[in-house]
Structure formats: C-alpha cells, structure tokens
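Keep the viewer open as you read.

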Amino acid sequence: MTEEKTTQSHAFQAEVAELLSLMVHSVYSETDIFLRELISNASDACDKLRYEAISRPELLAGDERLVIRLVPDAKAGTLAVTDTGIGMTQQELVDNLGTIARSGTKAFVQSLAEAKDGMGLIGKFGVGFYAVFMVADRVEVTSRRAGSDETWVWRSDGGAGFELAPANEEQAKRVPRGTEVLIHLKEDAKKFAERFELERIVRTYSDHILFPIELSDDKGEARQINAASAPWQRSRSELKPEDYKEAYKSIAMAFDEPALTLHYRAEGRQSYAVMLFVPTMRPFDLADPGRKGRIKLYVRRVYITDDAELLPPYLRFVRGVIDSEDLPLNVSREMLQNNPQVTQIRTAVTGRVLGELESTADKDADTYKKVWEAFGPVLKEGLYEDHERRVQLLSLCRFASSASDEPRSLKQYVADLKPNQTEIYYLVGESLERLKANPKLEAAKARGIEVLLLADPIDAFWTIMPSDHEGKPLKSLSQGDVDFGLVPLLDKDAPTPDAAEAYKDVLAAVKEQLGDQVSEVRASQRLTDSAACLVAAAGGRDRELERLLARQERGVGAKPVLELNMRHEIVKALARSIGEKKESDVADLSALLLAQAQILDGEVPRDPAAFARRLNDLILRGLA
Ligand code: ADP
Ligand code: MG
C-alpha cells in the first residue's frame, strides 16, 4: 500500500480553523509559550500512562522510562518534542487535534470575538496544542498508543484541515510508544532550534514538571535540563517567594501571580503535603455550571486526578496540589467520591483554607480586599451550602453599605450599631445603583442606620435562611415589619408617624381598589421621602428572590404588601379623594402608587399602557 492511498484528509472544526488563522498570523511576541503547552501535554501523557499502568503494567513493557525529550535540528530548522507517554490512537488524533475540547481554549475563542486585541489574550488563557502554529510552518504528530501496534501520523500546515496517515517504517521505529511533535519552524522562529534558548524556556516555565525533560545534542546524546522535583515536598524554609510563584504557574498552568499561598505538611492520622494558591485573576472556568475545582491529587508523587473534589465548590478558585502518603495508588476516580480518607482530607484542608483567609483578613486587609473582590461572590455560595461553616464564612464576607464606600464586615457593622438598634439590616437587589436609590432606605437613613446592600445573584438565596452575627439577627428591609421606632431620629423635629388606626379607612379603600394585586396595604415605617413601596409579607420570600424566580417562571408569585407614606402629599391627596368620594381619582391614584412602587423596585407595571393612560388622565384633570 502506498502512503497516498491511505492518507485521509479532514477539515478542522470551524473554531479550530479560526483559532489557527490567528496563530499562523500571530504577531504575539511571547511565542515561547508554545513549548510550555507541548511539554505540559507530554507531561499529561506520561501521567496518564503511569496511572493506567498501575492496573495494566504490561503497558510499560519495552520501556519503563517516562521521559520528555527535545530534539532540535538547526540545519533542518526543526524541533521535535517527544514523550514516552500514553500516545494517541487514530481516532484520538482526529478528536484531540481537530476540535476544541478544553474549556480554556473555548473560553479563549469566545473572548476573541469580543476583544480588540486578540493577541493580548493568548498570554491570559493559554491556547493548548494549537499554540504551536505561532512558530510552525508545518507540524507532524507521530503517535502510538501504549498497548497498540499501530502508529499514525497527523500532519497540518495550520490551514483549513489536516491529514492522517499510517506511519512508515522509519517513523514507526522512531516512536515506539507515545508521541512525537515535529515542528518545521517558521523563518522568524528558527531560534527555537537553539539549545540555549530551549534550556532557558524550560527553566522558566517547566522546571517543576515531574518527568525528566531531556535535551538532545548533535550526537544524539541527551541531558536532563529541568529540576523535576515536587516543590510541595520540600520544606517551607527551602523555598523562596520566587519558587512559589514558579510552582504556582507550572502547577496551575496560570499566568498571573498567586495572591495567597498555603504550604504545609499534615502528619497524624494521615500524612499529606499541601501546596495551594489563591490566584489574583479569576480563572476562566470559575463560572462553569459544573462548579468543579482543579486541585490536583497525587499519591506518593504520582498524579491521580484533578477531579477528586478535594475542596467544596465554593472554594473552586483555589488551585494547587495535595499529595497523599496513605491513599492506595490504584484508587479509582470513582472510589474517591466516597473514600473516608479523602473526606477527612477535604474537611481538614477546607478548614485550613478558611483559616488562612481569616488570618489574611486580619493581618493584611489590602490583600484580602483583592481576594474578596475577585472571589467573594463564589465564597458566598458557601453561606448557602455549608451550614457548618456558615458563621465563619459570614465573618469572612464583605458587603457594600449605605454608610461607607469601603466594603464592610459584619464585625464593623455591629461595632457601629445605633443606640437601641438590635438587628443588622440589609437590602437585596439587582445592582448597587438601584439599591442606593431604593426608597426602603429612607427611614433607616433618617436614623443614621447602616444598611448592607447585597447585589450578587447568590445573595437572594443565602439570605432565605436566618443568620445572625454575635447574636444580632440579619433582617431584610424589604420583608415583613421593620420597626425603627426605638432608634432615635437624627433630625429630632421630623414628624413621627401617627397611629395606624387613624389611616384605617384610607388603607382599606386602597386595598379595595387594588384587589388581589397586593396582599395588604399598610402605613409605612420605612419611607420618609417616597410615597410608596412594595415589601414581602413577614415570613415571605424576599422581593428580589420572588423576582428572580418569577423570571425563571418558577415563582408561585406571593402577593406583596404595599406600604404608603401617610405624610406624602400624593397619599394625602388620595386620602382627601376618599373622604370626598371622588371615585375615579381614588382608582387612578391607587393604581399609580402601586405602579411607581413597582418601578422603584425595577419592575415594569403589569399593564404599562394603562399606566401611561392613567397618568395622562390625572395630569389633564389637574390642569383642567
Ligand atoms: P489540553 O492539554 O488542555 O487538553 P491541548 O490543546 O493542549 O489541550 O491538547 C488537546 C488534547 O490532545 C489533550 O487533551 C490530549 O488528549 C491530546 N494530546 C496533546 N498532546 C498529547 C501528547 N503529547 N500525548 C498524548 N495526547 C496528547
Ligand atoms: Mg495542553
């Protein structure tokens, strides 16, 4: 059979073609990172084989060594990156090097569409294998899956497609197991065939890769150029801040710097080494619906999985390694789910991470502020999910506030309580701007009472459950009765609301007009300037949550309570119309008060056309 006959042509998935055209025409200056991507893939391939060989040792037959090798050829203008790892079958070559599977690359392609400067994004995301086309005219990947007797060659010049053919004899001999990525370097990328250049890049990006990275010389002899050490196994005193930064970058495949580092060894019932990092930048997968963490589990320095849920989902922004001395090497990924040793590690490490956040909040408020800005909304998910740690998590929370431009802790809030104030007040809403303009803040403002403003989507959920801080309950300003009566007004001469009794008839008349659009109409304690607002009944769901659920059509739609500011001129006018039995004024004013309360809450009145008509009618009647 000739090669031509068996060569198959494949088209790239559309996104790959798009990505490749960007790579091929790249003017990005830090092209170095292509090597880091290839070495990282080679290292993954060695990890995978080592893991599979635990149950199938025959996979390693013929060559026990797991090694990565760089073979530059300056004369030919090529660089080969080879590994003796797991390799790829024909189908895997098609799937892995023809589509975009990894979420990082997907996120990259998505951001490209929105970005002005696509190049700047390469450094932020990493683009995986396809980065090789920044430096390559042509790439040939020769691969043989461990345990298989077929070797296949994938070939592409970064155009619309790639070719796949069985390896010839010489190629098959060259790659007895694993993968060789042979790069025909572009004219302006010939430096990547220089040994000192390769050595420099490996030192910078891949020093901590656990497999030996060897560099071949002209005579075909190879020399190891990376440290190949597990930094988490070293003691803290041996490592400098620079070492941690490098470890973070190579372990987490990250490009930023760690905001926090946690490195220790647990001894006792179990022993394990922990090296964890809190990033400065939000990792791209933070918003993935799967909410998966990425902590890497090693067992005695063998990589097992990054899918073991070693931290709860609300700490999924934490990156790093946990290396156990006690777990069995052949622990299957499924078994990890219910393994009591893993559960114990998870509990202990979660406690340590939260402890570290706490002590940072105490000792280094600036750093904590940055961490909170990046990851606060994620951490807050724990308030909803982790009841045991709720108190601790609440104390880690920082909130926007009506009293301060700086984020506030509950501790600070409680320290500044007004005389006779016994509750911690908050308001949940869609955005800070909207919350700040919310009329429900008025009475609190008149008494100088601080209100926490909660505008993250998760806030509508965790606030369902009662919480308190040092015995002071958290209380929503848009739910149930709020009684500020005992807290003195800042302005001593402001009128105090008269007894509700006096307004009984007015309230009943408005309720009759509005029917079952509201569950109740009552005189407000929280308004001083605005005429009306909507609140949830005591024990009912917060208005913001009702709205969220209604939008997802999950709401049963509990009826709100309409509160009226009895001292407002419009409400007084309404009261007069009721007294004078001016039926159409009563109807219009009641409907308008409800509509404006809805608008202030960010809702649209049920019938906007009718609302506009009533408003116009009223104005014209007034003008007439
Ligand atoms: P990622 O490494 O994040 O999955 P890449 O674009 O770097 O994304 O690689 C895509 C896939 O190609 C990998 O997931 C892997 O399955 C496969 N692959 C790439 N290089 C190798 C290799 N040297 N050995 C085996 N498989 C590889
Ligand atoms: Mg990769």
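Start with what the second largest pocket is made of: its lining splits into 16 charged residues, 12 nonpolar and nine polar. Bear in mind that this is a predicted model. The pocket itself has a volume of about 780 Å³. Altogether 37 residues line the second largest pocket, and if you want to find its centre, look for Arg69, Val71, Thr82, Arg174 and Glu180, the closest ones to that point. As for secondary structure, the elements that put two or more residues into this lining are the strands β2 (68-73), β3 (78-83) and β7 (178-185).

Helix α20 is the one that gives the most, with three residues. By class, the lining of the largest cavity holds seven charged residues, four nonpolar and three polar.

Is Val16 buried or exposed? Its relative accessibility is 0%, and the cut-off for buried is under 20%, so Val16 counts as buried. Setting aside neighbours within four places in sequence, Val16 is in contact with Gly98, Thr99, Ile100 and Tyr130. For a sense of scale, jump from Val16 to Val510: they are 494 residues apart along the chain, and their C-alpha atoms are separated by 63 Å.

Finally, zoom out. The protein has 23 helices and 23 strands. Its radius of gyration is 32 Å, whereas the globule rule gives 25 Å for 624 residues; the value is well over that, so the protein is more spread out than a compact globule. Along the principal axes, the C-alpha atoms fill a box of roughly 105 × 60 × 40 Å.

What share of the residues is buried? Of the 624 residues, 51% count as buried. As for how the chain meets itself, take the contacts between residues at least 6 apart in sequence: 71% of them join residues at least 24 apart.

Technical notes. Residues are numbered from 1 along each chain as its sequence is written. Chains are lettered from A and ligands numbered from 1 in the order in which they are written. This is a predicted model: local features need pLDDT of at least 70, side-chain atom pairs count only at pLDDT 80 or more; totals for chains, interfaces and linings use all residues. Side-chain values use heavy atoms; hydrogens and water are left out. Helices (H or I, at least four residues) and strands (E, at least two) are DSSP runs, numbered from the N terminus. Ala, Val, Leu, Ile, Met, Phe, Trp, Tyr, Cys and Pro count as nonpolar, Asp, Glu, Lys and Arg as charged, and the others, Gly among them, as polar. On a 1 Å grid over the protein atoms alone, a cavity is a set of points where a 1.4 Å probe fits but cannot get out, and a pocket is an open set with protein on both sides within 12 Å along at least five of seven lines; lining residues have an atom within 4 Å of a point. Grid points are joined across faces, edges and corners, and a volume is the space filled by probe spheres set on the points. Buried means under 20% relative accessible area, exposed over 50%, partly exposed in between (1.4 Å probe, protein chains only). Contact means heavy atoms within 4.5 Å. The radius of gyration is taken over C-alpha atoms; the globule rule is 2.2 Å times the number of residues to the power 0.38.
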